[in-house]
Amino acid sequence: MWQHLSPPWRACLEEAWAAYCAGSIPVGAVVTDAGGEILTRGRNRSFERDGAAFPVQVSPLAHAEAAALAALDYARVDPHLCVLLTSQEPCPLCLGALYMSGVRELRYAGRDPYAGSVDLLGTTPYLRRKPIRVVPPSWPLLEAVVSAVTAEFGIRYGFAASTAWESVWLPAWREAMPESVALAEDLYRSGWLDAQRAAGVPAQIVFDGVAARAGEGHRGADRGGRGG
């Protein structure tokens, strides 16, 4: 799978895996210019305690998209010409950050059936004022893989943190993307992802390994998710 990804998508997945390895929700994001050159990168740091440069680490606000957007040099870059790419559909916090940043295009690799908030666009006078181009997931295999890694993290760590993970989050994900949750449960039972983390395996090997576990059902699917 990795060889079919553009550099911005690879960077998103590298950041997502870095977040997982640091004990935070595996979401990664980048901002690119119109030509696809990576300008900034960010990862979720909600539970990260050591070595984090983002000023709100160990905080519910330490999200990947917010970090990537905050790092953009607005004095030198026209945000209207930039693109935000993220491994998972933005939550309300990150959608708001995107909207207020002036960045006019959003691409995400996987839906978030629980916290995903792209549908908020256009629901208020303010959220109707700026035109935002949204490119939803277009490669089923990529979506299955990133969603399985996120769901495995939720199963491994989330239930201990909050009952909402088990009572609300997991049912929403299971209903919308049962195959990804089944894959996540298999990854959790086998301990495969945690073993990769412990061994320091790079993102490319990890995500290709998860893709292989996803099976042949996605192999012939549209690879439009390569863009970026």
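Author: Glu-185 is partly exposed, with a relative accessible area of 21% (buried means under 20%, exposed over 50%, and partly exposed in between, with a 1.4 Å probe and protein chains only). The model is predicted, so local features need pLDDT of at least 70 and side-chain atom pairs count only at pLDDT 80 or more, while totals for chains, interfaces and linings use all residues. Residues are numbered from 1 along each chain as its sequence is written, and side-chain values use heavy atoms, with hydrogens and water left out.

The partner of Glu-185 is Arg-174: their side chains form a salt bridge at 3.1 Å, N to O (a side-chain nitrogen of Lys or Arg within 4 Å of a carboxyl oxygen of Asp or Glu). Arg-174 sits in helix α5 (residues 163-176) and Glu-185 in helix α6 (residues 178-190), so this contact ties together parts 11 residues apart in sequence. Here helices (H or I, at least four residues) and strands (E, at least two) are DSSP runs, numbered from the N terminus. Arg-174 counts as partly exposed because its relative accessibility is 36%.

Across the whole structure, the search finds 10 salt bridges. The side chain of Arg-41 meets that of Glu-14 at 2.9 Å, N to O. This pair links distant parts of the chain, with Glu-14 in helix α1 (residues 7-21) and Arg-41 in strand β2 (residues 38-43), 27 residues apart. Arg-41 also forms a salt bridge with Glu-15, at 2.8 Å, N to O. Again distant parts of the chain are linked: Glu-15 belongs to helix α1 and Arg-41 to strand β2, and the two are 26 residues apart.

The accessibility values for these residues can be read against the cut-offs already given. Glu-14 has a relative accessibility of 34% and therefore counts as partly exposed. Glu-15 has 12%, so Glu-15 counts as buried. Arg-41, the residue that pairs with Glu-14 and with Glu-15, is partly exposed because its value is 37%.

These contacts are part of a network: salt bridges link Glu-14, Glu-15, Arg-41 and Arg-43.
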